[in-house]
Amino acid sequence: MSQQPHIFRPDEIKAHERGGGARTIPLVNRASGTTSFINGITVFEPGAAIPVHSHNCEESVMLLEGDAIAEIDGAQHRLKAQDTTFIPANLPHRFINASDTEPMKILWIYANVDATRTIVATGDTRTIDAEHGR
């Protein structure tokens, strides 16, 4: 596949329901021609959280909007807009919307197009592409 530049407009991309009040908008991914990383936006409804999980590659997450808690390896860290995390591969973590009234929005970046998510409680592993219907 030849690489071509793209402009992504999140408000025009179908979000994928993640369950538990979270939905993801995939942006740069294998389908757009990337060979080295993927990214997207996840929106959390008030009070929503995703399960503790890990990835097979490094991840960085920036809080775009809202009030968040990043739980990384069991420790909770309060985040404000533009705070950015670096999470090494295989480290358990999750993000929680700390507000009961306002949504929260994060931008995530995985350091590998073959990124996977493993849910700690179940051991279930899926590719990020599969989560987004690709």
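Modeller: V28 sits in the loop that joins strand 2 to strand 3. Strands here are DSSP runs of E with at least two residues, helices are runs of H or I with at least four residues, and both are numbered from the N terminus. The model is predicted, so local features need pLDDT of at least 70 and side-chain atom pairs pLDDT 80 or more, while totals for chains, interfaces and linings use all residues. Residues are numbered from 1 along each chain as its sequence is written, and side-chain values use heavy atoms, without hydrogens or water.

V28 has 17% relative accessibility, so it counts as buried. The cut-offs are under 20% relative accessible area for buried, over 50% for exposed, and partly exposed in between, using a 1.4 Å probe and protein chains only. Set aside the neighbours within four places in sequence, and V28 is in contact with F8, T34, F37, I38 and N39. Contact means heavy atoms within 4.5 Å. I7 lies 21 residues away from V28 in sequence, and their C-alpha atoms are 9.5 Å apart.

T34 is one of those partners. T34 lies in the loop between strand 2 (22–26) and strand 3 (38–44). T34 is buried because its relative accessibility is 11%. Beyond four places in sequence, T34 is in contact with Q3, V28, N29 and V113. Its side chain also reaches backbone atoms. The oxygen of F37 is 3.0 Å away, and the nitrogen of S36 is 3.4 Å away. A polar contact is a pair of N or O atoms within 3.5 Å; within protein, one must be able to donate a hydrogen and the other to accept it, and residues adjacent in sequence count only if both atoms are side-chain atoms.

Now move along the chain. An unreviewed UniProt entry annotates residues 41–110 as "domain: Cupin type-2". UniProt positions follow the numbering used here, feature names are shortened, and annotations may be inferred rather than shown by experiment. Over residues 41–110 the model has 57% strand and 0% helix. The end C-alpha atoms of that stretch are 12 Å apart.

I87 is in strand 8. I87 is buried because its relative accessibility is 0%. E58 is 29 residues from I87 along the chain, yet their C-alpha atoms are separated by 5.8 Å. Apart from neighbours within four places, I87 is in contact with C57, E58, E59, I72, H93 and F95.

The whole structure holds 2 cavities of 30 Å³ or more. On a 1 Å grid over the protein atoms alone, a cavity is a set of points where a 1.4 Å probe fits but cannot get out; a pocket is an open set with protein on both sides within 12 Å along at least five of seven lines, and lining residues have an atom within 4 Å of a point. Grid points are joined across faces, edges and corners, and a volume is the space filled by probe spheres set on the points. Strand 5 (59–65), strand 9 and strand 10 (104–110) each give two or more residues to the cavity lining. Strand 10 gives the most, with 3 residues.

The structure holds 1 aromatic pair. W108 and Y110 form it, tilted, at 5.0 Å centre to centre with 40° between the planes. Rings of Phe, Tyr and Trp (its six-membered ring) pair if their centres lie within 6.5 Å; planes under 30 degrees apart are stacked, over 60 edge-to-face, and the rest tilted. W108 is buried because its relative accessibility is 4%. Y110 is buried too, because its value is 2%.

The largest pocket holds about 270 Å³ of space. Strand 1 (16–19), strand 11 (116–119) and helix 1 (128–131) each supply at least two residues of the pocket lining.

Two loop residues remain. Most residues other than glycine have a negative phi. Q82 has a positive phi of about 80°. Q82 lies in the loop between strand 7 (75–79) and strand 8 (84–87), and it counts as exposed because its relative accessibility is 62%. Phi of N90 is near 65°, also positive. N90 is in the loop between strand 8 and strand 9 (93–97). N90 is exposed, with a relative accessible area of 56%.
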